[in-house]
Amino acid sequence: MSHPIQCKCGCLKGSVADVKTANRVVCYCRDCQAFAHFLGNSGDILDRHGGTDIVQTLPKNISFTQGTEVLACMRLTETGLLRWYTTCCKTPIGNTLPSHKMSFVGLVHNCLESSEITLNDSFGSARIYVHTKYAKGESKPKSAGLMATVIRNLARVLRARIDGTYKQTPFFWVDSGVPIVSPKILSHQEYQDVMDVI
Ligand SMILES: [Zn+2]
Ligand SMILES: [Zn+2]
């Protein structure tokens with residue numbers, strides 16, 4: 001079964017396949033919060049504790065059918081994750097590791113919102129909560145499932161590396177391993193500005 005992907009304005013469209021093997025994770029880390037603020041619509045992206053609802057899967061499961069020209073990519077720092085979003089309406093798409101050989105993508109919930117099917121129907125409700133010490137407000141969520149998630153993702157990265165399916169990714173040019181759009185790396189000042197509002 002697959003689940004639709006689209007940006008808020010509908011320029012970018014696609015789908016994610018094999019939904020049952022995805023991990024649904026809520027991440028409270030400062031970097032995910034900073035990315036939401038960078039896009040300027042943290043109210044739509046973050047939950048009331050500052051968490052980002054993420055669906056982790058393999059890039060080979062993602063296909064875009066239109067609008068890849070609106071894809072953009074940023075990094076909070078030189079060594080940070082590649083954080084993908086659309087330029088048309090600033091919808092967060094997902095996070096990938098800097099090398100395509102490490103086959104991983106964490107899709108941000110906003111690009112998975114759909115009138116046809118809910119995230120819960122496709123991916124089940126979130127049971128994994130990570131980096132909860134950075135959660136905001138009272139009665140913070142409890143950390144759960146971090147180790148299991150790390151092990152599961154590592155196993156998948158290794159398997160994709162061995163069977164060569166890491167080459168199936170819409171985010172990188174296969175031959176060179178270069179991202180399809182060059183990432184914007186925040187300047188020191190831009191980084192400080194975005195971290196200050198968390
Ligand atoms: Zn859009
Ligand atoms: Zn995070």
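Biologist: Before we start, what should I know about the model and its numbering?

Modeller: This is a predicted model, in which local features need pLDDT of at least 70 and side-chain atom pairs count only at pLDDT 80 or more, while totals for chains, interfaces and linings use all residues. Residues are numbered from 1 along each chain as its sequence is written, and chains are lettered from A and ligands numbered from 1 in the order in which they are written.

Biologist: What makes a stretch a helix or a strand, and how many are there in the protein?

Modeller: Helices (H or I, at least four residues) and strands (E, at least two) are DSSP runs, numbered from the N terminus. By that rule the protein has 5 helices and 11 strands.

Biologist: Why is the protein called as compact as a globular protein of its length?

Modeller: The globule rule is 2.2 Å times the number of residues to the power 0.38, and the radius of gyration is taken over C-alpha atoms. For 198 residues the rule gives 16 Å, and the radius of gyration of the protein is 16 Å, so the protein is as compact as a globular protein of that length. Along its principal axes, the C-alpha trace spans about 45 × 35 × 35 Å.

Biologist: What makes a residue buried or exposed?

Modeller: A residue is buried if 20 or more other C-beta atoms lie within 10 Å of its own, exposed if 12 or fewer, and partly exposed in between, with C-beta atoms placed from the backbone. On that count, 39% of the 198 residues are buried.

Biologist: Why is helix H1 called largely enclosed?

Modeller: In H1, 8 of the 10 residues are buried, so the helix is largely enclosed by the rest of the structure. Among the buried ones are Cys32, Phe35, Ala36 and Leu39. After H1 comes glycine 40, whose phi is positive, near 80°.

Biologist: What makes a set of residues a nonpolar core, and which residues touch the most other members in the largest one?

Modeller: A nonpolar core is a set of buried Ala, Val, Leu, Ile, Met, Phe, Trp, Tyr and Cys residues joined through C-beta atoms within 7 Å. The largest here has 44 residues, of which Cys27, Phe35, Trp84, Ile93, Leu107 and Cys111 touch the most other members. H1 gives the most to this core, with 6 residues. As for tryptophan 84, its contacts beyond neighbours within four places in sequence are Leu71, Cys73, Ile93, Gly94, Thr96 and Phe171.

Biologist: How do you know that two strands pair, and in what order do the 8 strands of the open sheet stand?

Modeller: Two strands pair if DSSP finds at least two bridges between them. The order is S10-S3-S4-S9-S8-S7-S6-S11, and the pairing is mixed. S10 and strand S11 (184–185) each have a single partner strand, so one side of each is left without a neighbour in the sheet.

Biologist: Which bridges tie S4 to its partners?

Modeller: Strand S4 (residues 52–57) runs antiparallel to S9, with 4 bridges, and antiparallel to strand S3 (residues 23–27), with 5 bridges. Valine 25 stands opposite isoleucine 54 in S4, while glutamine 56 has glycine 106 in S9 as its bridge partner.

Biologist: What makes both faces of S9 covered?

Modeller: In strand S9 (residues 105–108), Val105 and Leu107 on one side and Gly106 and Val108 on the other are all buried. S4 is mostly covered too, with 6 of its 6 residues buried. In a regular strand the side chains alternate between the two faces of the sheet.

Biologist: Which strands form the open sheet of 3 strands, and which are its edges?

Modeller: The order is S1-S2-S5, with antiparallel pairing. Strand S1 (3–6) and strand S5 (62–66) are the edges, as each pairs on one side only. Strand S2 (residues 13–16) and S5 pair over 4 bridges, and glycine 14 has phenylalanine 64 in S5 as its bridge partner.

Key: Contact = placed C-beta atoms within 7 Å.
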